[in-house]
Amino acid sequence: MKLDTDLQDIQAVRDFLHQAKTAQKQLEKMTQAQIDHIIAAMAKAAESEAERLGALAVEETGFGNIVDKKAKNMFVAHYVYEAIKDMKTVGIINRDDDRKVWEVAQPVGIVAAIIPSTNPTSTVMFKCMIALKARNAIVISPHPSAARCSWESANVMRRAAESAGAPAGLIHCLKKPSIEASNELMRHKLTDLILATGGTAMVKAAYSSGKPAYGVGPGNVPVFIHRSANITGAASHIVQSKTFDYGTICASEQALVVDHAAKLQLVNELKRQGAYFLNDVEKEKVASIIMIGKGLNSKIVGKSPQTIARMAGISVPESTRLLIAEETCVGLQHPFSIEKLSPILALYTVNDWQEGCQKCIELLELGGLGHTLGIHCEDMTVIEAFGLEKPASRIVVNTGTTFGGIGATTGILPSMTLGCGSFGNNVTSDNIGPQHLLNIKRVAFGVREMKTENDTKTSRSAERIADTLSDQRNLGISRDEVMQIVKSVLSDMQLH
């Protein structure tokens, strides 16, 4: 009997999960040294295939450019690997001798990974590496528009892992992803945890699956430029960050909020570094293609500024690196204020940092709660105020938010999956790593006795009797010795 396509896809998920379960039980028995050897091989393979996979991603999705797609893959191969290679994920991973508590790592089992179309190769390799580092198997559901490059990335990771001694069947990727297959993967009894990176609908589906889930929400990243900032440096960071892979990383800048005292210098510096400022007519034309209905127009995602300009019916110099429009309002009726995932920025002008605070919060509330916020500033008081008050999980200071948010230019854990905390309806505000794919058990030794109410009454009675008897000064023993004898007698009386 020939099955319908959707039934075939569902059956493929079930087959993958059963194979993954068997393989994961074998992986779970491996030593830390064996696991680390496997991860090192996967990182090496990611490096050697970085350019080829980047080219595949651009060819299939039409998003971004090959040079930066390669750089994303290299970020996983180098930065992520260096951050996780020495992590203990097997056996007793920590001993607290003072509290006499041991922490024991145990894998969660099978990870269901949902992959976005904007970072389809780097995210696959990242999730494969952190899953296996924690001794888990992984089954991947790629975005339909990036199925081929995601599958090839998973295949690279699978071959590298198995060549280094990993059991066959640990890494799987759906060749023909669908909503039905993804739902089956997320809800199946053999799936232990979901790691979802994608649109709001997919993240909601992950959280409603009934399984533990790490889902990460969208970013609508505002960046405040204070009058104390190094404006030349700030402009350089912003342009480099926003133009990287044509803005497809969700931590990239979406709106600049500039202190009026720094505006003129910033605008001049941005122009010098390749920014094109749209006039009123050009702004209206570009605004008309940013959204379709209430959502982002996918046709502008990851496209060059020249391509976007042609789509809008305007002309910009070939040297243009990004498009900027001045804006005053925030909301869906003002397309420049949303997350654009392309080299387009809104520019807001404020009178002081307090007004800048409020504007940044408005932008986050529109669509980026809990994600990332940037600030360029040399005044520590202002930086602290932004860090304390803003509903963002990453406050990136004096660097591009694209690179700062993922941990490339900051001390944050390098990651391709960025939690948004309860602000963004996520379970964590962390940058996700192997530690999130582990169960940590505690072996705890008794270090004190639990005193009951009777113990307290007995102790007080013993003290009173001991005081009375010791006052007689004819016992020939100390007060403490008397108290111990009395406590023993009183305890025996309570028992009988």
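How many cavities of 30 Å³ or more does the structure hold? The structure holds one. This is a predicted model, in which local features need pLDDT of at least 70 and side-chain atom pairs count only at pLDDT 80 or more, while totals for chains, interfaces and linings use all residues. Residues are numbered from 1 along each chain as its sequence is written, and side-chain values use heavy atoms, with hydrogens and water left out.

View 1. Rolling a probe the size of a water molecule over the atoms shows where empty space is left. A cavity is a set of points, on a 1 Å grid over the protein atoms alone, where a 1.4 Å probe fits but cannot get out; lining residues have an atom within 4 Å of a point. The largest cavity has a volume of about 30 Å³, the volume being the space filled by probe spheres set on the points. Its lining consists of Arg158, Ala161, Glu162, Ala166, Pro167, Leu170 and Ile171. Five of the lining residues are nonpolar, none polar and two charged; here Ala, Leu, Ile and Pro count as nonpolar, Glu and Arg as charged. Helix α6 (residues 147-163) gives the most to this lining, with three residues. A helix is a DSSP run of H or I with at least four residues, a strand a run of E with at least two.

**View 2. An open sheet of three strands.** The strands run in the order β1-β2-β17, with antiparallel pairing. Two strands pair if DSSP finds at least two bridges between them. β1 (91-96) and β17 (438-444) are the edge strands, each pairing on one side only. β1 pairs with β2 (residues 101-107) over five bridges. Tryptophan 102 in β2 is the bridge partner of arginine 95.

**View 3. Two residues with positive phi.** Most residues other than glycine have a negative phi. Lysine 100 has a phi near 55°. Lysine 100 sits in the loop between β1 and β2. Asparagine 398 has a positive phi of about 55°. Its loop lies between β16 (392-397) and α15 (401-405).

View 4. A disulfide is a pair of cysteine sulfur atoms within 2.5 Å. By this rule the count is zero. For cysteine 173, the nearest cysteine sulfur is that of cysteine 128, 8.1 Å away. For cysteine 357, the nearest is that of cysteine 360, at 7.0 Å.

Conventions
1 Å grid on protein atoms, 1.4 Å probe; cavity = no way out; pocket = protein on both sides within 12 Å on 5 of 7 lines; lining within 4 Å.
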